[in-house]
Amino acid sequence: MALPLVLLSHPLPPKWISALQGRVRLIVGPPDAPGFAPHLLELLGEAEGILCLLTDRVDQELLDQAPRLRVISNMAVGYDNIDVAACSRRRIPVGNTPGILTDATADLAMTLLLASARKIFSASTDARNGLWTTWSPMGWLGADLKDATLGIVGMGKIGKALADRARGFGLKLIYTDSRHQPDAGMRYGAEYRSLDELLAESDFISLHCPLTEETRGMINTAALKKMKPSAILINTARGPVVATDDLVQALSEGWIRAAALDVTDPEPLPEHHPLYDLPNCLVLPHVGSATEGTRRLMAEMACENLLAGIEKKRLPNLVNPEIYKS
Ligand code: GLV
């Protein structure tokens with residue numbers, strides 16, 4: 001019997017996806033471009049599974065061409081690239097990779113906080129460029145962490161893991177979330193605030209919310225103007241939570257001190273984008289989960305979800321459990 005056809009949108013190391021060997025027929029897309037390559041789109045009619053990345057849009061139009069599809073496995077915790085409602089209407093299970101990237105992403109948020117507080121990027125560039133002429137009492141002065149306030153927007157797994165790290169640096173913690181979480185206060189020493197209160201009180205603001213219709217553009221001109229002029233914004237969540245043009249203006253005109261972004265809108269940012277030229281903005285190429293161990297675990301979890309769907313079993317990490325309700 002022919003093996004079920006699975007489209008893997010971009011290559012992954014064979015060791016990471018060894019579970020698929022002999023169980024599916026895999027057709028793989030190219031490494032360097034986002035989205036589904038034309039030769040994969042041509043095979044949608046036969047495909048029974050899709051294993052994709054956060055760069056790949058799965059929408060109604062794509063689903064319409066894939067009548068045999070039994071599972072979509074996204075190798076990411078966030079799944080805003082997938083029209084989940086459209087998948088659910090067709091009872092197609094969608095899998096994601098929660099939990100395993102919590103530490104790596106919280107580590108990166110803390111790294112960005114420290115790097116932007118202490119101007120690591122510009123200080124290092126200046127040193128290389130010969131601007132380090134003497135030990136300068138006023139040179140490269142950064143922000144103090146001890147007793148400063150960190151506002152965490154989204155107190156899910158990653159927000160909590162950041163809280164754990166930040167307490168060790170003496171930061172005071174506040175958070176906002178669609179849910180008040182009494183355990184956040186007790187276990188993480190973080191006090192609940194409304195978003196507006198958090199924006200006004202925080203010295204550092206770190207975003208850890210999913211991208212939804214409510215959070216898209218949440219950090220816009222109005223929000224940026226509520227922040228302290230000394231505030232530093234960190235985004236390791238999703239680029240479109242921040243209105244890019246508004247942030248460029250805020251950083252250029254000094255409404256806030258700095259931003260450190262692992263995610264942007266769009267992704268990647270075009271060459272010569274103003275955010276690259278601003279000395280108070282640090283941009284990384286979406287590497288929150290990019291450690292060897294974490295990415296491998298994500299791929300393995302994505303394979304487990306995929307195989308469960310192919311075998312008509314419940315996905316171990318299922319985004320749309322509503323498909324099983326009658
Ligand atoms: C990374 O951004 C993810 O959602 O896994």
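A pocket, as I use the word, is an open set of points on a 1 Å grid over the protein atoms alone, with protein on both sides within 12 Å along at least five of seven lines; a cavity is a set where a 1.4 Å probe fits but cannot get out, and lining residues have an atom within 4 Å of a point. Points are joined across faces, edges and corners, and a volume is the space filled by probe spheres set on them.

Ground rules: this is a predicted model, where local features need pLDDT of at least 70, side-chain atom pairs count only at pLDDT 80 or more, and totals for chains, interfaces and linings use all residues. Residues are numbered from 1 along each chain as its sequence is written, and side-chain values use heavy atoms, with hydrogens and water left out.

**Second largest pocket.** I looked up its volume and got about 220 Å³. It has 17 lining residues, and Ser116, Lys119, Ser122, Pro279 and Asn280 are the closest to its centre. Helix 4 (102-117), helix 5 (120-128), strand 11 (258-261) and strand 12 (281-283) each give the lining at least two residues; helices (H or I, at least four residues) and strands (E, at least two) are DSSP runs, numbered from the N terminus.

**Ligand.** Which residues are around the ligand? I listed Leu54, Ala76, Val77, Gly78, Leu101, Arg238, His286 and Met298, counting a residue if one of its heavy atoms lies within 4 Å. Then I went through the polar contacts (pairs of N or O atoms within 3.5 Å). A backbone N or O atom of Gly78 is 2.8 Å from a ligand oxygen. Arg238 puts a polar side-chain atom 2.7 Å from a ligand oxygen, and His286 has a polar side-chain atom at 2.7 Å from one too. The protein covers 90% of the 190 Å² of accessible area that the ligand has on its own (Shrake-Rupley method, 1.4 Å probe). I also noted that phi of His286 is near 50 degrees, positive in a residue other than glycine, and that His286 sits in the loop between strand 12 and helix 12 (292-310).

**Cavity.** I searched the whole structure and found one cavity of 30 Å³ or more. The largest cavity comes to about 50 Å³, and its lining includes Asn235, Thr244, Leu261 and Asp265.

Pro266 lies in the loop between strand 11 and helix 11 (274-277), and Pro268 is in the loop between strand 11 and helix 11.

How values were computed
Polar contact = N/O pair within 3.5 Å; in protein donor to acceptor, adjacent residues only side chain to side chain.
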